[in-house]
Amino acid sequence: MTQVSFEASFQKKIDEEIMIEPQDYMPDEYRKTLIRQISQHAHSEIVGMLPEANWITRAPSLRRKAVLLAKVQDEGGHGLYLYSAAETLGITRDQMLHQLHTGVAKYSSIFNYPTITWADMGAIGWLVDGAAIMNQVPLCRTSYGPYARAMVRVCKEESFHQRQGFEIMLNLSKGTPVQKQMAQDALNRWWAPALMMFGPLDAVSPNTAKSMEWRIKRFTNDELRQRFIDVTVDQIRLLGLALPDENIKWNEERGHYDSSELNWDEFWNVVKGNGPCNKERLATRVKAWEDGAWVREAASAYAEKRKTKKAA
Amino acid sequence: MSSVTTLKYTLQLADNVLIMGQRLAALCGKGPILEQDIALTNISLDQIGQARSLYQYAATIVNNMSVADKAQLFNAPLLQEKINNKLSITEDDLAYLRDAWDYRNCLLVEQENGDWAYTVARSFFFDRFQYLLYTAMLKSTDSTLAAIAEKSLKEVQYHIKWASEWVIRLGDGTDISKEKMQQALQARWEYTGEMFTMNELEKEAYNIGIGVDVSQLQQTYQQQIETIVQEAGLQMPTAAWMQTGGKNGVHTEHLGYILAEMQYLQRAYPNMEW
């Protein structure tokens with residue numbers, strides 16, 4: 001087959017909703033886009049462990065401690081599936097981590113915000129995982145097989161995460177006045193960053209068009225963001241909390257809620273590394289990696305010795 | 001007053017696993033390899049789960065006592081207040097409202113995480129003890145404790161495997177890892193003696209048939225530890241003096257900070273549901 005026919009058969013598969021598998025032909029750009037997206041996703045899972053791990057030792061009850069710990073552990077597990085999925089595209093986990101540690105690869109900006117009160121554990125589970133689910137459910141049908149299959153597992157667990165977050169918020173909102181205030185404060189702080197998780201406006205999103213064509217993405221950033229707002233506004237009312245944006249209003253004509261324009265300056269600044277916790281989060285990951293260097297060396301040296309012994 | 005003995009004995013068992021689990025939980029997200037991060041979290045989750053079963057049992061014992069008996073049990077003002085107000089005690093009250101002098105965990109578990117070798121050494125020494133303890137506790141005349149031991153034992157089997165493998169891997173890894181592992185074993189060893197020294201409570205618990213004579217476990221423990229240490233190509237640690245105190249409520253300075261962190265929400269916002 002010629003290059004042209006390879007590409008034609010690739011696009012035909014995509015159009016017929018046949019999944020692309022690691023051994024199949026794929027255009028370089030498709031491979032690069034996937035590596036970027038999957039590794040970014042994996043990095044988000046492991047950097048995303050940190051803001052919540054911040055509260056494990058301070059969780060207010062033993063049950064909450066256990067549930068939060070299990071939840072953060074799941075995020076680590078998601079990181080593992082996703083790194084493995086990315087490795088099928090010809091990059092190693094160490095290479096991806098190197099890109100993370102040197103700032104070449106990005107992770108979701110949401111994790112550059114601080115977790116200040118216990119209610120943040122509720123808000124993260126409910127809003128951040130909720131937004132993640134909205135982004136991720138369509139990825140279970142994404143065109144690259146290993147990624148789609150990893151996402152099926154991830155999504156199952158994420159829905160449990162969102163429930164535990166909502167449950168924390170519900171408990172706080174029905175609690176004492178100070179607990180309700182804590183819940184409101186967390187909602188107010190996490191609302192806009194959660195909406196920004198869907199990425200820049202479609203009009204300025206650099207990757208959306210091609211990703212839609214290749215069926216890596218199935219909905220645009222703005223579509224998903226709107227869907228999230230519509231679902232969440234009702235949940236806020238259910239919690240009995242005040243809406244975090246005074247411009248949220250039902251628009252009969254559109255059949256959606258209207259809301260304020262987001263502060264995209266802030267968004268791009270956090271992306272560029274100026275968020276409140278960018279430096280800290282990265283430094284924590286780098287330190288864990290560097291502190292662990294002698295451990296990993298010991299583990300490989302030991303494995304090597306075993307191999308030699310077995311061979312002898 | 002055998003219910004008081006059962007209560008205090010159960011609390012001692014619970015305190016050990018809670019503090020150990022709390023220490024390991026602090027490492028979540030910071031492991032040297034993602035797989036090991038997850039393994040550590042598993043162990044921590046098991047221990048917190050065991051602590052919950054034990055505190056829940058302890059709370060039941062308290063709640064079934066007469067008002068007069070309950071009033072004598074705790075120093076902690078918030079716990080006393082609950083009892084005076086005729087409120088039920090929960091697992092969380094016992095974990096979150098008692099202070100360092102009320103805690104009866106052994107000194108080993110409250111020691112700092114240190115580097116990976118220190119974390120491994122502490123778990124290696126503690127988990128092996130737990131394995132022998134729970135095995136002996138299967139014969140407890142208290143059916144709840146025996147049942148908790150049985151369930152926990154399945155988990156601890158994995159914990160000892162994990163810790164032993166790491167002692168061997170680091171001992172037989174590189175020169176650096178060998179040195180670090182040796183140092184960590186040496187540094188933590190002085191906290192192991194306490195686990196086998198019977199305090200008054202343990203003697204009483206043993207006499208009434210619910211508890212374990214831990215002094216009888218020491219020889220087996222030494223042998224099992226030595227087997228792994230040898231396989232790792234390391235020297236058995238030695239100690240001129242074994243530190244004691246935790247089991248009688250006299251702790252190292254670490255415990256106060258562990259509790260300050262763990263209990264802060266319950267204390268800053270008392271009497272609330274979370």
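Colleague: How many residues of chain B are in contact with chain A, and what does contact mean here?

Modeller: On the side of chain B, 47 residues are in contact with 49 residues of chain A; contact means heavy atoms within 4.5 Å. This is a predicted model, in which local features need pLDDT of at least 70 and side-chain atom pairs count only at pLDDT 80 or more, while totals for chains, interfaces and linings use all residues. Residues are numbered from 1 along each chain as its sequence is written, chains are lettered from A and ligands numbered from 1 in the order in which they are written, and side-chain values use heavy atoms, with hydrogens and water left out.

Colleague: What area do chain B and chain A bury between them?

Modeller: The two chains bury about 4,000 Å², 69% of it on carbon and sulfur atoms. Within the part that chain B buries against chain A, B:L34, B:D172 and B:W274 supply 17%, more than any other three residues. Buried area is the accessible area (1.4 Å probe) that two parts lose on being put together, summed over both.

Colleague: Which pairs are in polar contact across the interface, and how many are there?

Modeller: The rule finds 18 residue pairs, with both residues at pLDDT 80 or more. A polar contact is a pair of N or O atoms within 3.5 Å; within protein, one atom must be able to donate a hydrogen and the other to accept it, and residues adjacent in sequence count only if both atoms are side-chain atoms.

Colleague: How many salt bridges are counted between chain B and chain A?

Modeller: The count is three. Another pair of this kind is A:R93 with B:E35, whose closest N and O atoms are 2.4 Å apart. Over all chains the structure holds 29 salt bridges.

Colleague: What makes B:E91 and B:R52 a link between separate parts of chain B?

Modeller: Their side chains meet in a salt bridge at 3.0 Å, N to O. B:E91 lies in helix α5 and B:R52 in helix α2, so the pair ties together parts that are 39 residues apart in sequence. Both residues are buried.

Colleague: How far apart along helix α8 of chain B are B:K161 and B:E165?

Modeller: These two residues are four residues apart, which separates them by about one helical turn. Their closest N and O atoms are 3.1 Å apart, in a salt bridge. B:E165 has 33% relative accessibility and therefore counts as partly exposed.

Colleague: Why is the pair of B:W116 and B:W162 given its name among the aromatic pairs?

Modeller: Rings of Phe, Tyr and Trp (its six-membered ring) pair if their centres lie within 6.5 Å; planes under 30 degrees apart count as stacked, over 60 as edge-to-face and the rest as tilted. The count by this rule is 20 aromatic pairs over all chains. For B:W116 and B:W162 the centres are 5.8 Å apart and the planes stand at 85°, so the pair is edge-to-face. B:W116 lies in helix α7 and B:W162 in helix α8 of chain B, so the pair ties together parts that are 46 residues apart in sequence. Both B:W116 and B:W162 are buried.

Colleague: How do you know whether A:K217 is buried or exposed?

Modeller: Its relative accessibility is 19%, and A:K217 therefore counts as buried. A:K217 is found in the loop between α9 (208-213) and α10 of chain A. Not counting residues up to four places away in sequence, A:K217 touches A:T208, A:S211 and A:M212. A polar contact of 2.7 Å joins the side chains of A:K217 and A:N221.

Methods:
A salt bridge is a side-chain nitrogen of Lys or Arg within 4 Å of a carboxyl oxygen of Asp or Glu. Buried means under 20% relative accessible area, exposed over 50%, partly exposed in between (1.4 Å probe, protein chains only).
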